[in-house]
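Q: Before us is a structure to be read feature by feature. May we take the features one at a time, with the general idea followed by the case at hand?

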Amino acid sequence: MADPNWRVRAAGPADADALSLVASATFLDTYAGSLDGSDMVAHCAAKNRPETFAAWASDPRDAVLLGEIIPGHAPVGYAVLTSTIDLPVPLEAGDIELRRIYSLSRMHGSGLGPALMQQAVDSAIRFGSRRILLGVWGENHRAHRFYERQGFTVIGTRQFRVGAVVHDDLVYARPV
């Protein structure tokens with residue numbers, strides 16, 4: 001059951017500006033103090049463009065979810081599930097990637113994260129996927145605990161660049 005102060009809904013191309021904003025806000029909220037500030041700003045400017053979210057939201061093979069505060073519908077979290085997998089692990093038939101799932105820290109403990117995850121899993125089932133993959137920074141221990149509670153296990157590693165620094169990530173998977 002959803003918290004009366006927020007909701008999760010499917011996002012469309014018209015939500016691209018809100019998704020871009022919440023993507024940058026949650027990235028900064030999550031990694032401020034851990035990554036170089038100018039690298040974070042440049043990363044957000046390059047990776048969180050409204051056009052990127054509009055493309056995902058327009059692709060029938062992808063699912064984009066938006067968490068919003070009620071009343072007012074301000075964006076406070078989001079998730080992107082995409083059939084375009086960008087992880088260096090052996091792929092299996094029916095794989096899909098949870099490319100992003102974030103919420104503002106003020107929403108931690110509210111149930112929004114598990115709700116976003118459940119709707120992502122429901123979307124994966126609708127697509128006929130068999131396994132969800134995701135990559136997460138090796139030092140983001142809070143996220144590791146969340147994914148493990150959601151049934152994910154580590155299946156590999158990757159390197160992920162933010163600015164001039166290459167970070168070691170873990171790659172997780174779970175059956176659908």
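Q: Which side chains does a polar contact of 3.5 Å join?
A: The model is a predicted one. In it, the side chains of His167 and Trp137 are joined by a polar contact of 3.5 Å.

Q: Where does His167 lie, and is His167 buried or exposed?
A: His167 belongs to strand E7. Its relative accessible area is 12%, so it counts as buried, the cut-off being under 20%.

Q: Which residues are in contact with His167, leaving aside its neighbours within four places in sequence?
A: With those neighbours set aside, His167 is in contact with Trp137, Leu35, Arg158, Gln159, Phe160 and Val162.

Q: How is empty space in a model to be found?
A: A probe the size of a water molecule, rolled over the atoms, shows where empty space is left. Here the largest pocket holds about 1100 Å³ of space.

Q: How many residues line the largest pocket, and which lie nearest its centre?
A: The lining has 47 residues, and those nearest the centre are Tyr31, Ile101, Tyr102, Asn140 and Tyr147. By class, the lining of the largest pocket divides into 22 nonpolar, 14 polar and 11 charged residues.

Q: Which element gives the largest share of that lining?
A: Strand E4 does, with 7 residues. Elements that each supply at least two residues of the lining include helix H1, helix H2 (37–47), strand E4 (95–103), helix H4 (112–127) and strand E7 (165–175). Strand E7 is also where His167 lies.

Q: In what sense does E2 pair with E1 and with E3?
A: E1 and E2 pair in the antiparallel sense over 5 bridges, and E2 and E3 pair in the antiparallel sense over 6 bridges. Leu65 gives a point of reference: it is the bridge partner of Ala10 in E2, while Ala79 is the bridge partner of Leu65 in E3.

Q: How many residues of E2 are buried, and which way do they point?
A: E2 is mostly covered, with 7 of its 7 residues buried. Ala63, Leu65, Gly67 and Ile69 point one way, whereas Val64, Leu66 and Glu68 point the other way.

Q: How far apart are Pro13 and Glu68, in sequence and in space?
A: They are 55 residues apart in sequence, and their C-alpha atoms are 16 Å apart in space. Pro13 lies in the loop between strand E1 (6–10) and helix H1 (16–31). Pro13 has a relative accessible area of 45%, so it is partly exposed. Leaving aside its neighbours within four places in sequence, Pro13 is in contact with Ala54, Ala57 and Ser58.

Technical notes: Residues are numbered from 1 along each chain as its sequence is written. This is a predicted model: local features need pLDDT of at least 70, side-chain atom pairs count only at pLDDT 80 or more; totals for chains, interfaces and linings use all residues. Side-chain values use heavy atoms; hydrogens and water are left out. Helices (H or I, at least four residues) and strands (E, at least two) are DSSP runs, numbered from the N terminus. Buried means under 20% relative accessible area, exposed over 50%, partly exposed in between (1.4 Å probe, protein chains only). Contact means heavy atoms within 4.5 Å. On a 1 Å grid over the protein atoms alone, a cavity is a set of points where a 1.4 Å probe fits but cannot get out, and a pocket is an open set with protein on both sides within 12 Å along at least five of seven lines; lining residues have an atom within 4 Å of a point. Grid points are joined across faces, edges and corners, and a volume is the space filled by probe spheres set on the points. Ala, Val, Leu, Ile, Met, Phe, Trp, Tyr, Cys and Pro count as nonpolar, Asp, Glu, Lys and Arg as charged, and the others, Gly among them, as polar. Two strands pair if DSSP finds at least two bridges between them. A polar contact is a pair of N or O atoms within 3.5 Å; within protein, one must be able to donate a hydrogen and the other to accept it, and residues adjacent in sequence count only if both atoms are side-chain atoms.
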